Amino acid sequence: MPTTSSSAASSSSSSSSSSSGNRQADVFSRLASSDPEVKLKALREVKNQIIGNRTKKLSFLKLGAIPAIASALSDADDSDKCNNILVQSAAALGSFACGFEAGVQAVLDAGVFPHLLRLLTNPDEKVVDAGARSLRMIFQSNQAPNYDFLQEKNMEFLFSLLNSNNENVSGLGASIIAHACGTSIEQQVLLEAGVLEKLVILLDGSLSQREACLESLATVLKNNPVAVSDFVGFESGRYFDSVTELTKDRYPRTRLLSCLFLVVIYNTSPSYFLNMGTKLRLIKTLLELLNDPGQSGDDAALVFSCLIADKEDLQKLAYEANAIKNIVDILKTGSELQPKRLQGLFLSLAELCSKLEDCRCSFLSLEVLDLMIDALRHKSADVRTAACICFRNAARSVKNLSAGRFTSDRIMLPLVQLLHDPSSSVQVAVIGALSNIVLDFSSPKSRFIEYGGLKQLIELSKSMDPNTRCSALRALRNLMFLADNKRKELFYSDIKAQGFASLISDPEPPVQEQALALLRNLVDGCISSIEFVFDGDGLILDAIGRQLRKDPQAQMAIQGMYVLTNVASGTELHKEVVMQQLFPQEKPGSENFVLKFLQSDESQLRSATVWTIINLTSPSSIGAFDRHVKLRNAGIIPQLKNMVNDACLDVKIRIRTVLGQSMSFGEN
């Protein structure tokens, strides 16, 4: 009967699990044995069970095996009789650290790092090998200890590793560089010490040396054109050609690392990749590696996304190579993918959708929205962030946006929920996605507001993180674009004059710019919208005036002037208030900021300033003549006459409008 069969299967599975747990507990108990042979056998059993098996690594980790193995390592001396225990304990610890971040953390917490370093000076070559391999596994993780290259003793130790005849020891030196070299200063120190010459030699070494070398070279050359030039010039380009050939190697890891290295060179010095065939080969190699089931496949997706980032020509090549369908097919396999691979795949799709509309339409035609929604709920913050970026770039498609493809409840609700995510990177990414989606002019945007999106964006605009504040304001700016008065009032009732004034006076210029751009959209439209800036006894307008008089950055000044342009389009009272901001009570002889803006190299700032003057001097308004006189006496009208042949056509047309209005006041 089915019931009996199911019960029997369940019983068998439970029995097997229990038996496995008992065996692991037995092995664990023998790790603490005082008998060296018993302990050695237990160490071998642990090592053999956990190699390549994350489940067993986690199981032994929970049992407390790592501290027990660490104790076996630290208790063993350097005598010959203890060599086997040293080798097996180091090997077991390296296996725990290999591709398993929880294992790395547990190994480091157990305090074994200095004991592993000690093994490098052991007279037995097998002990040295085991210690070097274990340390390399640790240094492949971001959790590995930092390494200060600026200290002379550390540099001496590093070169003693690189100069070693033992391939695992020299590979360890390369791995330390790949892990710890993170600044241009560290790059320079290493290059001046001659590390480049040492590393290229390893390219001719064993497989493990070559792979460690490729990774460390990529780190040393990243964003360093001079170092790239030096490398390419070594032996008339022999090493550069050698790395290019390694993209065809039979080992997936070697192919991946050679691709990573070439991507670093391409992103640093694109002039070395003028050949279209080389670019296409790099793309196809990485696309093939995406299907590798191991770590190389996990890493390949991130390397691919770095290759095509912000490069329309490569995105087009990748699109023609069927990259979008290949990636989507991997996501649809149904198998559980590692977070790193998922992150890379979604980032790759995001890059492919960043510039080309054909890519966006092709991507969305593959019924991928459910996959993206699932990724929004993934336990990994990196995956959630990547999915949000993918949504953001896909939502740049006007065709699909206006068709309402992104405004259904099943998409909007999880996106709004992520505004409360504990990760600031997720918050910034989801705000970016929502910024594009709320521009959907066919949608009333009511769902977004009903789910609490508006209130949370206002809350995030007060965040301690400037990137979050800036992103939240950008989304609010888009939400207020062509918004009706009801939505504007709903927004303003939460933020109020004091909140706006604080954002305009924020210490970060990008936040100031976005706050003013938001205000520009808020006061755009009907006369009643302009009244928002008069709340709180003109607190908002005073904040704008103060910022414009502080010699602000061009982009911030542009948005500030457009706010004044919109206010000056209103009633006589509105125009006079703008004049008060343009001509406050200042010390005699101080230069007016309007003149500075008209003389700016930034054409958009000149245009925004002229627009303000057009609205102030419109002949249909009662006080236009008096304002014109004041502008002329301040030297602003004469300055405009000197700009009639401005290099920017838009500025030139607006100036002629102002001068045409001036003629109605008797101006020649």
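Reader: Hi! How much of the chain is made up of buried residues?
Author: Buried residues make up 53% of the 668 residues in the chain. Keep in mind that this is a predicted model.

Reader: Okay! And how many helices and strands does the chain have?
Author: The secondary structure comes to 41 helices and zero strands.

Reader: What box do the C-alpha atoms fill?
Author: Taken along the principal axes, the box is roughly 105 × 75 × 50 Å.

Reader: What share of the contacts with a separation of 6 or more joins residues 24 or more positions apart?
Author: Such pairs account for 69% of those contacts.

Reader: Let's go inside. How many residues are in the largest nonpolar core?
Author: The largest nonpolar core has 225 residues. Phe231 and Phe363 are the ones with the most contacts inside it. As background, nonpolar side chains in soluble globular proteins tend to be buried together.

Reader: Which residues is Phe231 in contact with, leaving aside neighbours within four places in sequence?
Author: Among them are Leu196, Val200, Leu203, Leu217 and Leu221. Phe231 is also in contact with Tyr239, Phe240, Val243, Phe261 and Ile265.

Reader: Which residues line the largest cavity?
Author: Its lining is Thr244, Thr247, Leu262, Thr278, Arg281, Leu282 and Thr285. By class, that lining divides into two nonpolar, four polar and one charged.

Reader: And which helix gives the largest share of that lining?
Author: That's helix H17, residues 276–289, with four residues of the lining.

Reader: What about pockets? What volume does the second largest pocket have?
Author: The second largest pocket has a volume of about 390 Å³. It is lined by 16 residues, and Glu336, Leu337, Gln338, Leu342 and His378 lie nearest its centre.

Reader: Which helices each supply at least two residues of that pocket's lining?
Author: Helix H21 (339–352) and helix H23 (369–376) each do. The lining of the second largest pocket has eight nonpolar, four polar and four charged residues.

Reader: I spotted Arg384. Where is its place?
Author: Arg384 is in helix H24.

Reader: Is Arg384 buried or exposed?
Author: Arg384 counts as buried because its relative accessibility is 10%, and the cut-off for buried is under 20%.

Reader: Which side chain does the side chain of Arg384 make a polar contact with?
Author: The partner is the side chain of Asp421, at 2.9 Å. Not counting residues up to four places away in sequence, Arg384 touches Ala375, Leu376, His378, Lys379, Leu418, Asp421 and Val426.

Reader: Which residues is Arg396 in contact with, leaving aside neighbours within four places in sequence?
Author: They are Ser354, Glu357, Arg360 and Asn436. The backbone oxygen of Ser354 lies 2.8 Å from a polar atom of the Arg396 side chain.

Reader: And what separates the C-alpha atoms of Arg396 and Glu357?
Author: Those C-alpha atoms are separated by 8.3 Å, with the two residues 39 residues apart along the chain.

Key: Residues are numbered from 1 along each chain as its sequence is written. This is a predicted model: local features need pLDDT of at least 70, side-chain atom pairs count only at pLDDT 80 or more; totals for chains, interfaces and linings use all residues. Side-chain values use heavy atoms; hydrogens and water are left out. A nonpolar core is a set of buried Ala, Val, Leu, Ile, Met, Phe, Trp, Tyr and Cys residues joined through side-chain atoms within 4.5 Å. Buried means under 20% relative accessible area, exposed over 50%, partly exposed in between (1.4 Å probe, protein chains only). Contact means heavy atoms within 4.5 Å. A polar contact is a pair of N or O atoms within 3.5 Å; within protein, one must be able to donate a hydrogen and the other to accept it, and residues adjacent in sequence count only if both atoms are side-chain atoms. On a 1 Å grid over the protein atoms alone, a cavity is a set of points where a 1.4 Å probe fits but cannot get out, and a pocket is an open set with protein on both sides within 12 Å along at least five of seven lines; lining residues have an atom within 4 Å of a point. Ala, Val, Leu, Ile, Met, Phe, Trp, Tyr, Cys and Pro count as nonpolar, Asp, Glu, Lys and Arg as charged, and the others, Gly among them, as polar. Grid points are joined across faces, edges and corners, and a volume is the space filled by probe spheres set on the points.
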